[in-house]
Amino acid sequence: MCNEAKFTGYTLDGGYAEYVIAEENYCFPLPNKYDPVSIAPMLCAGLIGWRSYKLAGNFKRLGMYGFGVAAHILTQIACHQNKEVYAFTRDGDTKGQEFAKKMGAVWAGGSSQKPPVELDAALVFASVGDLMLTALESVRKGGSIVCGGIHMTDIPAIAYKYLWGERIIRSVANLTRADALEFLDMANKVDLHISTYTYPLAKANEAIADFRSSKTKGAAVLTI
């Protein structure tokens, strides 16, 4: 929540350095059972996703709008906890929907579709503000909708009948050290399958383009 936060690779140089000096309080023990390529997505999408997952509250049926890196990790954790995941992808993205089911989703469909059941909570990872209204219409009274992205297009006007019933809308700005320790402990307990596509550093722009066009079903990881 710091108003003057600094981020390596964004406001500070050194994101691709071979060595880096780090404050001990912000370093975490990594699970030994994963290779570095699998660990990389956990330390961004996994951690932010975990905080979003926690802030959704108590739920049995969880909707995920935008089935990318965070969603495919969290779906496996949800299955481990005997929860049901309903995945929403871009309309017509049948490969994405098949991928979601492979990860453990009990249902997958396009973002314009209604789920077959009423949801207890929803996580919105896609940066499309309109999806907030879609999620509101699908979540039960007392349920929560959590925005897991850093950026999102404007949210349209909300009809009060969808917000009414003590539904909650909230965002995730960052994570705490406790979140990181909890998530990495969970990653030790659950055998997570991290879907990755590797690119050399020189093809970073290609990796971003593939990710934006949904060519990658999982995480794009740059190797040095």
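Throughout this tour, a residue is called buried when its relative accessible area is under 20%, exposed when it is over 50%, and partly exposed in between, using a 1.4 Å probe and protein chains only. Residues are numbered from 1 along each chain as its sequence is written, and side-chain values use heavy atoms, with hydrogens and water left out. The model is a predicted one, in which local features need pLDDT of at least 70 and side-chain atom pairs count only at pLDDT 80 or more, while totals for chains, interfaces and linings use all residues.

**Stop 1: Thr216**

Please select Thr216, in the loop between helix 7 (204-212) and strand 8 (219-223). Helices (H or I, at least four residues) and strands (E, at least two) are DSSP runs, numbered from the N terminus. Is Thr216 buried or exposed? Its relative accessible area is 7%, so Thr216 is buried. Now show its contacts, meaning heavy atoms within 4.5 Å. Leaving aside neighbours within four places in sequence, you will find Tyr197, Tyr199, Asp210 and Phe211.

**Stop 2: helix 1 and helix 2**

Next, select residues 36-55, which are helix 1, and residues 69-80, which are helix 2. Their axes come within 8 Å and cross at roughly 60°. Axes here are lines fitted to C-alpha atoms, for helices over the stretch in contact, and angles run from 0 to 180 degrees between N-to-C directions. The two helices are therefore oblique to each other; angles under 35 degrees count as roughly parallel, over 145 as roughly antiparallel, 65 to 115 as roughly perpendicular and the rest as oblique.

Show the side chains at this contact: helix 1 brings Pro41, Met42, Ala45, Gly46, Gly49, Trp50 and Tyr53, and helix 2 brings Val69, Ala70, Ile73, Leu74, Ile77 and Ala78. Coloured by class, they give 11 nonpolar, two polar and no charged residues. For this colouring, Ala, Val, Leu, Ile, Met, Phe, Trp, Tyr, Cys and Pro count as nonpolar, Asp, Glu, Lys and Arg as charged, and the others, Gly among them, as polar.

**Stop 3: helix 1 and helix 6**

Met42, Leu43, Gly46, Leu47, Trp50, Arg51 and Lys54 of helix 1 meet Asp179, Ala180, Glu182, Phe183, Leu184, Met186 and Ala187 of helix 6. This contact has nine nonpolar, one polar and four charged residues.

**Stop 4: the ring cluster**

Now pick out Trp50, Tyr53, Phe59 and Phe183, which ring pairs link into a cluster. Rings of Phe, Tyr and Trp (its six-membered ring) pair if their centres lie within 6.5 Å; planes under 30 degrees apart count as stacked, over 60 as edge-to-face and the rest as tilted. The count by this rule is six aromatic pairs. Trp50 and Tyr53 are a stacked pair, at 5.7 Å centre to centre with 20° between the planes. Being three residues apart in helix 1, they are separated by about one helical turn. Turn to Tyr53 and Phe59: their centres are 5.3 Å apart and their planes at 90°, so this pair is edge-to-face. Trp50 and Tyr53 are buried, and Phe59 is buried as well.

**Stop 5: two loops**

Finish with Asn82, in the loop between helix 2 and strand 2 (84-89), and Glu166, in the loop between helix 5 (160-163) and strand 6 (168-171). Asn82 has a positive phi of about 60° although it is not a glycine, and phi of Glu166, also not a glycine, is positive and near 60°. Asn82 counts as exposed at 59% relative accessibility, and Glu166 counts as exposed at 70%.
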